[in-house]
Amino acid sequence: MKPGIPSRKEGDSLFNRFGILSPSSLLQEEDLKKALITGITGQDGSYLAELLLSKGYEVHGLIRRSSTFNTRRIDHIYNDPHLGGEKVHLYLHYGDISIGETLLDIIYNIKPEEIYHLAAQSHVRVSFEMPEYTGEITGLGTTRILEAIRKSGITTRFYQASSSEMFGAAKPPQSETTPFEPRSPYAAAKVYAYWLARNYREGYNIFASNGILFNHESPRRGETFVTRKITRALAQIKAKKQTELFLGNLDAKRDWGYAAEYVEAMWKMLQLEKADDFVVGTGESHSVREFLEEAFGYAGLNWQDYVKIDPRYFRPTEVDYLLADPSRSQKILDWKPQVKFHELVRIMVDADLELAGMEAIGEGRKILEERFTGWHRWDNQVISMER
């Protein structure tokens with residue numbers, strides 16, 4: 001048997017074409033640094049997995065059991081162990097952050113040097129409809145992972161995906177010292193998780209860092225999030241498959257950056273000598289209305305001809321204005337965003353046009369190809385979105 005390739009035991013329900021394993025069946029290469037990512041099939045998790053693989057990590061991802069494959073964002077980085085060739089450095093494990101015992105088993109068996117906790121019920125509007133579930137997953141999920149780290153006795157570094165939504169009604173710009181004023185069940189759950197990470201850092205000497213990331217978007221963003229909803233609808237309108245787009249509050253202002261860049265900031269936090277908390281953003285804020293103007297204008301359309309307001313998309317308590325003060329992270333992490341707001345919009349529009357079977361306008365693709373080399377490439381953007 002080749003190193004890194006598990007045996008396929010008869011009746012092993014945890015093995016399929018994606019190399020999904022039970023912890024006990026995994027033979028790992030001891031010389032590789034190991035990282036565990038919860039939420040690996042999401043936008044951030046997929047980019048982070050690519051980044052870590054490019055740095056020579058053995059990457060493990062936690063995924064929920066589903067009757068259908070939900071791995072489309074990471075299909076292009078998976079190497080099937082049955083085909084031979086390249087060694088397997090990406091492993092997926094069935095698990096759920098609502099089940100502490102499973103988390104403990106996985107963490108104890110893998111013994112990762114780094115754990116990136118990205119999994120959550122992350123849709124703010126949905127959190128008003130499902131507040132209990134949001135607290136259970138987004139809040140208590142962090143508790144279960146931190147407890148698994150403590151009980152397992154392993155030495156690891158833990159990244160908690162905090163959110164700018166925690167600032168809520170706080171006056172902009174928001175920094176690491178700005179008091180939290182959460183305005184949704186999602187934000188309240190994230191505040192709980194933030195303070196728990198700090199508590200375990202101070203009480204149990206666990207290396208636990210909070211990354212307070214402001215909105216970060218990409219072609220891999222979920223289709224129900226407003227930025228992707230806009231660019232996806234725009235492509236469908238251009239393809240004459242859709243005539244209207246329904247949205248809520250157009251005046252909400254957000255600090256929008258490019259997600260593929262933000263995962264590098266996550267990684268940099270866990271390379272520091274001491275655990276700490278950092279705000280990550282661009283230092284610019286734009287409204288949903290501005291996003292519409294930029295996206296539709298880039299495609300040669302007037303957004304007002306297609307957009308309708310649906311009151312159902314308004315939140316019971318709105319967050320009006322989020323703007324990062326990223327000066328501390330830029331200084332300590334030596335991290336600065338390369339992609340500006342208008343460039344982000346072009347990247348997303350071009351990708352969704354290609355996904356709709358149309359020719360991209362091209363500026364977004366050119367921006368990505370000129371700014372990024374190595375692990376982050378345009379082709380992977382589009383391939384990862386195929387169903």
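**Surface, Salt Bridges and Buried Segments**

Good morning. Val126 counts as partly exposed, because its relative accessibility is 31%. On this scale, buried means under 20% relative accessible area, exposed means over 50%, and partly exposed lies in between, with a 1.4 Å probe and protein chains only.

The structure shown is a predicted model, in which local features need pLDDT of at least 70 and side-chain atom pairs count only at pLDDT 80 or more, while totals for chains, interfaces and linings use all residues. Residues are numbered from 1 along each chain as its sequence is written, and side-chain values use heavy atoms, with hydrogens and water left out.

Let us stay with Val126, which is found in helix α3, residues 124–129. Helices here are DSSP runs of H or I with at least four residues, strands are runs of E with at least two, and both are numbered from the N terminus. Together with Met130 and Tyr133, Val126 makes a nonpolar surface patch of about 230 Å². Patches are made of residues with over 30% relative accessible area and no salt bridge; like charges are joined within 9 Å, and nonpolar side chains (Val, Leu, Ile, Met, Phe, Trp, Tyr) within 5 Å. The accessible areas come from the Shrake-Rupley method with a 1.4 Å probe, and for residues only the protein chains shown count as cover.

I turn now to charged side chains. How many salt bridges does the structure hold? There are 25 salt bridges, each being a side-chain nitrogen of Lys or Arg within 4 Å of a carboxyl oxygen of Asp or Glu.

One of them joins Arg150 and Glu147, at 2.6 Å from N to O. These two residues are 3 apart in helix α4 (residues 131–152), so about one helical turn separates them. An α-helix has 3.6 residues a turn, so residues three or four places apart point the same way. Arg150 is partly exposed at 36% relative accessibility, whereas Glu147 is buried at 18%.

Another salt bridge links Arg365 with Glu369, with their closest N and O atoms 2.9 Å apart. Here the residues are 4 apart in helix α11 (residues 363–371), which again means about one helical turn between them. Arg365 is partly exposed at 27%, and Glu369 is partly exposed at 42%.

Elsewhere, Arg72, Glu223, Arg228 and Asp352 are linked in a network of salt bridges.

Next come the buried segments. Strand β12 (residues 277–280) points Asp277 and Val279 one way and Phe278 and Val280 the other way, and all of these are buried. Strand β7 (residues 207–213) runs parallel to β12 and is joined to it by 4 bridges; two strands pair if DSSP finds at least two bridges between them. Within this pairing, Leu213 has Val280 as its bridge partner.

Helix α7 (residues 259–269) is mostly covered, with 10 of its 11 residues buried. Among them are Trp267, Lys268 and Glu261.

Finally, consider Ala252, in the loop between β9 (245–247) and β10 (253–254). Ala252 counts as buried because its relative accessible area is 7%. Ala252 lies 69 residues from Tyr321 in sequence, yet their C-alpha atoms are 6.2 Å apart in space. Thank you.
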